[in-house]
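Here is a friendly walk through one protein model, meant to be read with the structure open beside you. Let's take it one region at a time.

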Amino acid sequence: MPGIVVVGAQWGDEGKGKLVDVFASKADMVVRYQGGANAGHTLVVNGKKTVLHLIPSGILHPDTTCVVTSGVVVDVFGILDEIKGLKNNDLLQNPKQLLISDAATVLLPSHKALDAAREASLTGEKKIGTTGKGIGPAYEDRASRRALLFGDLFDRETLRAKLELHLKEKNHLLETLYGQEPIGIEGLLAQIEQVARELAPYRCRDTSHVISKALKGNKRVLFEGAQGTLLDIFHGTYPFVTSSSTLSGSACIGAGVGPTQIQQVIGVFKAYATRVGSGPFPTELNDETGEKMRQNGREFGSTTGRARRCGWIDLPALRYAIRLNGITNLALMKLDVLTGFEKIGICTSYKLDGETLMEPPVTQADFSRVEPVIEWFQGWNQDLTKLTRLADLPRTATNYLDFIGNQLATPIDVLSIGPGREQTLWVKPLFNN
Ligand code: IMP
């Protein structure tokens with residue numbers, strides 16, 4: 001029962017999609033357990049780029065079953081577009097390759113409208129900087145027990161009744177609080193019914209059962225996290241977080257498997273740090289070094305196109321992520337992006353009111369006041385993107401990696417040196433083979 005969770009150890013955009021795609025060649029199943037189309041997982045195969053938002057990153061491997069579980073908020077229009085895009089590229093030819101849980105939350109245009117209206121009503125530092133994909137409002141509906149579930153799409157009466165209740169409330173908010181146009185029921189109902197017909201082949205009544213069966217049958221199951229640890233609703237930099245739990249434990253809850261089914265937790269992090277949207281980011285570089293990182297790393301959101309904030313790697317934040325997720329192994333992504341920096345910084349601790357902190361403080365008010373303590377390392381100029389052996393890494397890069405591995409006291413098993421599958425260096429193979 002090799003259940004492996006792949007989790008983001010920073011603020012999202014760590015490169016989980018590439019890693020899951022690479023691992024998926026050895027996995028039987030890839031499972032999405034939280035989040036929604038706010039995620040953007042970029043995969044590059046044979047130079048061709050595919051961006052996925054809701055469909056698990058294993059979908060490029062035709063023999064890997066991909067599962068969207070009840071913990072996910074599913075934009076039904078968005079997922080249908082993704083399916084069509086994949087089919088047009090000769091992928092997802094067998095509908096059995098993708099299973100969408102009947103218990104997943106349906107995310108509607110009204111959730112997006114509310115998300116956008118709320119953000120627009122906030123000013124300056126109060127803005128969360130959401131992706132505008134309706135994530136917060138959709139999870140609110142789930143928590144307040146009025147969400148439309150994926151299985152409801154296939155029962156006309158339930159669909160109409162739930163949609164009526166939904167629009168009554170959402171239109172009231174949109175019109176009276178935010179001065180927006182209401183959404184008409186008949187048009188939306190007709191659109192949803194059409195989408196439901198097209199999504200019917202992917203419907204699965206109980207994905208947790210399918211996953212349990214796979215684990216019992218000794219299949220290799222990868223649980224693919226979205227966003228990152230510091231964006232977790234309970235343990236992130238609240239309120240500048242997403243609306244789901246992004247931690248490894250959420251894999252058990254969202255997918256419906258017991259914690260004893262998880263063998264390994266792989267923490268994915270970049271050789272530097274980025275963040276999109278507002279909130280504390282102690283190592284942020286608002287200068288030309290940060291700009292160089294952004295350009296070299298193509299650090300622009302794959303969902304929103306927004307420029308990502310960039311900074312040096314932050315070990316206190318990573319220590320926190322390792323502890324919260326129970327990370328057993330690390331994957332370091334985008335090492336190639338640091339080529340050409342004369343000196344490279346590593347934040348080893350924070351200072352707050354004269355105290356040294358090895359992990360972030362709990363409140364975001366304190367977090368936004370910490371001073372990063374930076375140690376400097378010599379950089380390298382060699383292009384790393386074509387390397388095929390670890391032994392060929394420049395010595396200065398090895399020093400950098402060894403320092404990080406020692407500080408984090410967790411093995412770095414995989415290094416990524418470019419977006420392609422082949423640009424991956426293995427320190428230790430996955431699934432021990
Ligand atoms: P939301 O998830 O769209 O509500 O956005 C809440 C916060 O999480 C914002 O700061 C977003 O920029 C951030 N966020 C959401 N999804 C991602 C992601 O996949 N990568 C990086 N940041 C994200």
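Let's begin where a helix ends: H10 is followed by glycine 326, whose phi is positive, near 65°. Please keep in mind throughout that this is a predicted model.

How many of the 11 residues of helix H10 are buried? The count is 9, so this helix (residues 315-325) is largely enclosed by the rest of the structure. The buried residues are Leu315, Pro316, Ala317, Leu318, Arg319, Tyr320, Ala321, Ile322 and Asn325.

| Element covering buried residues of H10 | Residues |
|---|---|
| strand E11 | residues 262-270 |
| strand E14 | residues 313-314 |
| strand E15 | residues 329-333 |
| strand E16 | residues 343-352 |

E1 and H12 also belong to this cover.

Take isoleucine 404: beyond its neighbours within four places in sequence, it touches Phe269, Ile313, Leu315, Leu332, Ile346 and Ile412. As a general rule, nonpolar side chains in soluble globular proteins tend to be buried together.

Now for the sheet. It is open and mixed in its pairing, with 10 strands in the order E9-E7-E5-E2-E10-E1-E11-E15-E19-E20. Strand E9 (203-204) and strand E20 (424-426) are at the edges, each with a single partner strand, so one side of each has no neighbour in the sheet. Strand E1 (residues 3-8) pairs with strand E10 (residues 221-224) in the parallel sense, over 4 bridges. One of the residues involved is glycine 3, whose bridge partner in E10 is valine 221.

Our last stop is glycine 236, in the loop between E10 and helix H8 (249-255). Is glycine 236 buried or exposed? Its relative accessible area is 11%, and because the cut-off for buried is under 20%, glycine 236 counts as buried. Setting aside neighbours within four places in sequence, its contacts are Thr229, Leu230, Leu231 and Val241. Between glycine 236 and threonine 246, which are 10 residues apart in sequence, the C-alpha to C-alpha distance is 9.0 Å.

Key
Residues are numbered from 1 along each chain as its sequence is written. This is a predicted model: local features need pLDDT of at least 70, side-chain atom pairs count only at pLDDT 80 or more; totals for chains, interfaces and linings use all residues. Side-chain values use heavy atoms; hydrogens and water are left out. Two strands pair if DSSP finds at least two bridges between them. Helices (H or I, at least four residues) and strands (E, at least two) are DSSP runs, numbered from the N terminus. Contact means heavy atoms within 4.5 Å. Buried means under 20% relative accessible area, exposed over 50%, partly exposed in between (1.4 Å probe, protein chains only).
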